[in-house]
Amino acid sequence: MLSTLRIVTALTVALLTAALAAEAEAATTAELISRGESQLAEQDVDAAIATLHQAVAADPSSTVAHTRLGGAYLLGQRYTEAIDQFQQAIAIDDENAAAFIGIGMAYLHGGQSGPAKAAFAEAKRLNPAKAQELDALMRRIEQTGAPANPHH
């Protein structure tokens, strides 16, 4: 009986330790994302990329971390890396409208208007509140092949 109680207690402690570690990791990821966003706001793209890489490493399943890292790469004009991060975000959450907008912008800057339009159409489907803005962007692409405001 005492042995069973010790085993149950040990298992409970192990479960609680794992749960607390997961909570700490989530907090760390959120803190890293916040720091990266601040660095982007300060125009320190390279520092933001490094910080957001840490966020992705801390929680590879964080669609927010991948999306923010993709955005940092986009601002740094590193379109291939941006596309990769947005694709990872979409693989985790295929209803992430922000990732579709980001990947569309990366494709657009990379001269791939077809995939850009497809990504914007999906973003519009997922987030109808952005429909007017995305429609205007898609019309501009069709008319000139260039973004209306690529940094918006």
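**Notes on the helix packing and a few loop residues**

1. Helix α5 passes α6 in a left-handed crossing. Keep in mind while reading that this is a predicted model. The angle between α5 and α6 (residues 113–126) is about 160 degrees, and their axes lie 8 Å apart. That angle is over 145 degrees, so the two helices count as roughly antiparallel.

2. Who makes that contact? On the α5 side you'll find Ala-97, Phe-100, Ile-101, Ile-103, Gly-104, Met-105, Tyr-107 and Leu-108. On the α6 side, look for Pro-115, Ala-116, Ala-119, Phe-120, Glu-122, Ala-123 and Leu-126. Sorted by class, the residues where α5 meets α6 come out as 13 nonpolar, one polar and one charged.

3. Now for α4 against α5. Here the packing angle is about 155 degrees and the axes are 9 Å apart, which makes α4 roughly antiparallel to α5. From α4, the residues involved are Tyr-79, Ala-82, Ile-83, Phe-86, Gln-87, Ala-89 and Ile-90. They meet Ala-99, Phe-100, Gly-102, Ile-103, Ala-106, Tyr-107 and His-109 of α5. By class, this contact has 11 nonpolar and three polar residues, with no charged ones. If you compare the two lists, Phe-100, Ile-103 and Tyr-107 of α5 turn up in the contact with α6 and also in the contact with α4.

4. Have a look at Asn-96, which sits in the loop between α4 (79–92) and α5 (97–109). Its relative accessible area is 10%, so Asn-96 is buried. What does its side chain pair with? There is a polar contact to the side chain of Thr-63, at 2.8 Å. Beyond its neighbours within four places in sequence, Asn-96 is in contact with Thr-63, Thr-67, Ala-89 and Leu-126. Of these partners, Ala-89 also belongs to the α4 side of the contact with α5, and Leu-126 to the α6 side of the contact with α5.

5. Ser-62 is another loop residue worth a click, this time between α2 and α3. With 10% relative accessibility, Ser-62 counts as buried. A polar atom of the Ser-62 side chain lies 3.0 Å from the backbone nitrogen of Ala-65. Setting aside residues up to four places away in sequence, Ser-62 touches Thr-29, Ile-33 and Ile-92.

6. Two loop glutamines have backbone angles to check. Most residues other than glycine have a negative phi. Gln-43, in the loop between α1 (2–41) and α2 (45–58), has a positive phi near 65 degrees. Gln-77, in the loop between α3 (63–75) and α4, has a positive phi of about 60 degrees. Are these glutamines buried or exposed? Gln-43 is exposed, at 65% relative accessible area, and Gln-77 is exposed too, at 53%.

7. Last stop is Leu-134, in helix α7 (residues 131–144). Its relative accessibility is 4%, so Leu-134 counts as buried. Which residues does Leu-134 touch, leaving out those up to four places away in sequence? They are Ile-101, Phe-120, Ala-123 and Lys-124. Among them, Ile-101, Phe-120 and Ala-123 are listed in the contact of α5 with α6. As for Lys-117, it is 17 residues from Leu-134 in sequence, and the C-alpha atoms of the pair are 9.2 Å apart in space.

How values were computed:
Residues numbered from 1 in each chain as written. Predicted model: local features only at pLDDT ≥ 70, side-chain atom pairs only at ≥ 80, totals over all residues. Heavy atoms only, no water. Helix = DSSP H or I, 4+ residues; strand = E, 2+ residues; numbered from the N terminus. Buried < 20%, exposed > 50% of the residue type's maximum accessible area, 1.4 Å probe, protein only. Polar contact = N/O pair within 3.5 Å; in protein donor to acceptor, adjacent residues only side chain to side chain. Contact = heavy atoms within 4.5 Å. Axes fitted to C-alpha atoms, helices over the stretch in contact; angles between N-to-C directions. Parallel < 35°, antiparallel > 145°, perpendicular 65-115°, else oblique. Left-handed = near helix turned anticlockwise from the far one by under 90°. Nonpolar A, V, L, I, M, F, W, Y, C, P; charged D, E, K, R; others polar.
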